[in-house]
Amino acid sequence: MSRKICVLGNSHIAALKGGWETAAPGKPLSPDFFGALSKGMESLALIDGKLLPSDPEAAAFYCNISGKGSGAIPEDYEAFVLCGMGMFPNPVFNNYASYATPSTHNTSAEYYVSDACLDDLLWDHIDRSMMMHCARLVREVTDAPVHLVWQAFWSEALFNIEWRAAQMSPILENNDQDYVHARMRAVETRLSEEGFSVLQQPKDTLAKGVMTKEKFSRGSVLFREGLNQPHRDNDVFHMNSEYGAKCWNIWKI
């Protein structure tokens, strides 16, 4: 008997949806994929007993892309998987060059702060994210497990973009990948205290510890019906169906 799974998110769902549909992992799961573009999931609400964006345009997309024609009924699902929607350690990468901590090997930073300072900065980012709006709503309406997914690390194709390469290079040169992961683990501890579990990026998709191998971003597609519209060539944020299949194959849901 397949367990019914509700997958909620934004454009990053495309990799999971494509991975499930094309790779057929064979797990005893039956996932439904609900989502909206851009910030559409900010308006997710419980409307007449269904999880549905209150924004009309987002709601129309959400119902159509799922193939259900309506919102998600919480009682129908045995687990929830939420992906994308701002669940990414942006502040850690954005502030690395300027802020050293006791855990970094960054000797050229202008400022020196505690690790806890960066932990709080990242938590503030996650706490105010679209992800947490949706996660807390789902937690209110169900006792089923709620799994949150970190967005995949940026593709190593970022080295083709000068300013992104300049941002990433100091972390790699200083071998501070563990520092990035430690900040993420601190967030996961707080999420656990709220009753959420976190699903990890498959280790064999990682490049240099804090990026994703380029093969998993090549051929990524837009989150649209049919999953047949490719992203621009230099998209480093979205992953392809091969990446999605890897996720389904290792996750325990």
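Visitor: Why is strand β5 largely enclosed by the rest of the structure?

Guide: Because 5 of its 5 residues, 79–83, are buried; buried means under 20% relative accessible area, with a 1.4 Å probe and protein chains only. Strands here are DSSP runs of E with at least two residues, and helices are runs of H or I with at least four, numbered from the N terminus. This is a predicted model, where local features need pLDDT of at least 70. Residues are numbered from 1 along each chain as its sequence is written.

Visitor: Which residues cover the two faces of β5?

Guide: In a regular strand the side chains alternate between the two faces of the sheet. Here Ala79, Val81 and Cys83 lie on one side, Phe80 and Leu82 on the other, and all are buried.

Visitor: How many bridges join β5 to strand β1, and how many to β8?

Guide: Strands pair if DSSP finds at least two bridges between them. Strand β1 (residues 3–9) runs parallel to β5 and is joined to it by 5 bridges, with Val7 partnered by Val81. On β8 (residues 146–149), also parallel to β5, there are 4 bridges, and Leu148 stands opposite Leu82.

Visitor: At what angle do helices α1 and α8 pack?

Guide: Axes are lines fitted to C-alpha atoms over the stretch in contact, and angles run from 0 to 180 degrees between N-to-C directions. Helix α1 (residues 13–23) meets α8 (residues 241–250) at about 80°, with axes 7 Å apart. That makes the pair roughly perpendicular, a label for 65 to 115 degrees.

Methods. Side-chain values use heavy atoms; hydrogens and water are left out. Buried means under 20% relative accessible area, exposed over 50%, partly exposed in between (1.4 Å probe, protein chains only). Angles under 35 degrees count as roughly parallel, over 145 as roughly antiparallel, 65 to 115 as roughly perpendicular and the rest as oblique.
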